[in-house]
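This report describes one protein chain, starting from a single residue and moving out to the whole. Please look at the sequence and the model first.

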Amino acid sequence: MGLTSKELMALEDQLGYEQVLIKKYRSFAGACKDAQLKARCNQIADKHQQHFNTLMGYLQ
């Protein structure tokens with residue numbers, strides 16, 4: 001089943017948003033001195049990576 005051009009554009013936008021969030025939370029984690037906060041930022045980045053991977057699955 002193929003995606004419409006509108007769906008592909010929305011998917012492309014969402015992939016971009018997820019990439020930005022991954023980068024931001026990895027950056028936040030790198031800047032954290034507090035171990036718990038650092039771990040939480042990495043957990044959030046991991047969750048957005050999962051979202052990204054799931055969305056990429058729709059393109060295959």
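In which helix does histidine 48 lie? Histidine 48 is part of helix α2, where helices are DSSP runs of H or I with at least four residues, strands are runs of E with at least two, and both are numbered from the N terminus.

## Basis of the model

The model is predicted, so local features need pLDDT of at least 70 and side-chain atom pairs count only at pLDDT 80 or more, while totals for chains, interfaces and linings use all residues. Residues are numbered from 1 along each chain as its sequence is written, and side-chain values use heavy atoms, with hydrogens and water left out.

## Overall form

The chain has two helices and zero strands. Its radius of gyration, taken over C-alpha atoms, is 14 Å, well over the 10 Å that the globule rule gives for 60 residues, so the chain is more spread out than a compact globule. That rule is 2.2 Å times the number of residues to the power 0.38. Along the principal axes, the C-alpha atoms fill a box of roughly 45 × 15 × 10 Å.

Of the 60 residues, 18% are buried; buried means under 20% relative accessible area, exposed means over 50%, and partly exposed is in between (1.4 Å probe, protein chains only). Among contacts (heavy atoms within 4.5 Å) between residues at least 6 apart in sequence, 56% join residues at least 24 apart.

## The nonpolar core

A nonpolar core is a set of buried Ala, Val, Leu, Ile, Met, Phe, Trp, Tyr and Cys residues joined through side-chain atoms within 4.5 Å. The largest one here has five residues: Leu11, Leu15, Ile22, Phe52 and Leu55. Helices α1 (5-31) and α2 (35-57) each give two or more residues to this core, and the largest share, three residues, comes from α1.

Phenylalanine 52, a member of this core, is in contact with Leu15, Glu18, Gln19 and Ile22, leaving aside its neighbours within four places in sequence.

Histidine 48 has 15% relative accessibility and counts as buried. With neighbours within four places in sequence left aside, its contacts are Glu18, Leu21 and Ile22.

Lysine 24 is found in helix α1 and is partly exposed, with a relative accessible area of 46%. Lysine 24 and alanine 45 are 21 residues apart in sequence, and their C-alpha atoms are 8.0 Å apart in space.
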